[in-house]
Amino acid sequence: MATSSLLPLAPPFFASPCHRAPSLSPSARPFQPSSHVVLVQWAPPPPGWFKINFDGSVYNDGSRRASIGGAIRDSAGRVVLAFAETTEHSTVGIVEARAMIRGLRLALELGVERVIAEGDDLVLAQLLRGEETQTRIPVALQEEIIGLLRRFPGRDVRHVYREGNQVAHTLCRQAYHRPGVWGGGRVPLPPAVWEKAEDDRIGVVHERKVIRAAG
C-alpha cells in the first residue's frame with residue numbers, strides 16, 4: 001500500500017557521526033567489521049506540536065509476556081501523558097504497532113492536532129512514510145494506523161535509535177509491575193520514567209556504536 005502522500009517527509013532523528021574508523025590498510029583482512037559512533041539525542045517537537053514516543057516489548061522465553069509503553073510530550077519536553085500496559089503476546093512488529101495505535105488514540109482524546117509519532121522500529125517507520133513496502137504487520141493494522149494519522153491536521157512519523165527512545169522503553173518495563181496511565185499532573189510518573197524524561201528534557205546525549213561490514 002502506497003503511503004507516500006500521507007506524511008510529509010521530515011528530517012530524521014538526531015544522529016551525528018562523531019568518529020569513523022580509519023580506512024582498512026591493504027594488508028587488512030577483507031570484510032573485517034568496522035564501526036563508528038553516532039550521538040543520539042531526543043529532540044522535542046516544534047512549538048504547537050506534540051511528540052509520541054512509543055515502544056513494544058516481547059519476551060520469547062516461554063513467559064508469553066508482552067507490553068506497550070509511550071509518552072506524549074510538548075515542545076518544552078514536558079510529559080503530558082504516559083502509558084504502560086501489558087498486551088497479548090505476539091511478534092515484535094505487531095506489538096510495536098499496538099503501542100503506536102495506543103499513543104495516537106490517547107493523543108486524539110487529548111485534542112492534539114499536530115503530532116509526531118516516533119519509535120525505534122525502523123521497518124514500521126519506513127512503511128508508514130512510504131519509503132519501503134516491507135512490513136511486519138497485517139494490512140488491517142497498517143490501515144488502522146493510517147486512519148488514525150489522517151485524523152490529525154499535522155502528522156509525521158519518525159524513527160529514532162533506542163537510545164533516543166528510553167522513556168518509552170522504560171515504560172514498557174514498567175508495565176510488568178506497575179501498569180497505568182499518567183497525565184494531567186494528578187499522578188506523578190514512576191521515578192525511573194521521570195528520570196529518563198528529565199534526561200531528554202535537558203538534552204542528554206547518548207553514544208551508540210554502529211557496526212557495519214567493510215568490504
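R64 is found in the loop between β3 and β4, where helices (H or I, at least four residues) and strands (E, at least two) are DSSP runs numbered from the N terminus. At 56% relative accessibility R64 counts as exposed, given that buried means under 20% relative accessible area, exposed over 50% and partly exposed in between, with a 1.4 Å probe and protein chains only. R64 has a positive phi of about 60° although it is not a glycine; most residues other than glycine have a negative phi.

The model is predicted, so that local features need pLDDT of at least 70 and side-chain atom pairs count only at pLDDT 80 or more, while totals for chains, interfaces and linings use all residues. Residues are numbered from 1 along each chain as its sequence is written, and side-chain values use heavy atoms, with hydrogens and water left out.

**Aromatic rings and charges**

Rings of Phe, Tyr and Trp (its six-membered ring) pair if their centres lie within 6.5 Å, and planes under 30 degrees apart count as stacked, over 60 as edge-to-face and the rest as tilted. By this rule the count comes to one aromatic pair. The rings of Y59 and Y176 have centres 5.4 Å apart and planes at 80°, so this pair is edge-to-face. Because Y59 lies in the loop between β3 (50-58) and β4 (66-73) and Y176 in the loop between α4 (166-174) and β8 (180-183), the pair ties together parts that are 117 residues apart in sequence. Y59 is partly exposed at 30% relative accessibility, and Y176 is partly exposed at 24%.

A charge sits over a ring if NZ of Lys or CZ of Arg is within 6 Å of the ring centre and within 35 degrees of the ring normal; the table gives such cases.

| Charged residue | Ring | Distance from ring centre |
|---|---|---|
| R65 | Y176 | 5.0 Å |
| R73 | W42 | 4.0 Å |

**Strands**

Two strands pair if DSSP finds at least two bridges between them. Strand β6 (residues 114-119) is mostly covered, with five of its six residues buried. β6 pairs with β3 in the parallel sense over five bridges, and N53 has E118 of β6 as its bridge partner. β6 also pairs with β7 in the parallel sense, over six bridges, and here the bridge partner of G119 is H159 in β7.

**Helix α3 and the cores**

In helix α3 (residues 139-149), the residues L141, Q142, I145, I146, L148 and L149 are buried. Seen down the axis of α3, these buried residues fall within an arc of 160°, so they line one face of the helix; the arc is that of the directions from the helix axis to the C-beta atoms. The buried residues of α3 pack against α1 (92-110), α2 (122-128) and β7 (154-159), where contact means heavy atoms within 4.5 Å.

A nonpolar core is a set of buried Ala, Val, Leu, Ile, Met, Phe, Trp, Tyr and Cys residues joined through side-chain atoms within 4.5 Å. Of the 33 residues in the largest nonpolar core, M100, L104, L124, L128, I137, I145 and F152 touch the most other members. The largest share of this core, 10 residues, comes from α1. Leaving aside neighbours within four places in sequence, L104 is in contact with I52, V115, I145, L148, L149 and F152. A second, separate core of 10 residues includes A71, A82, V193 and A197.
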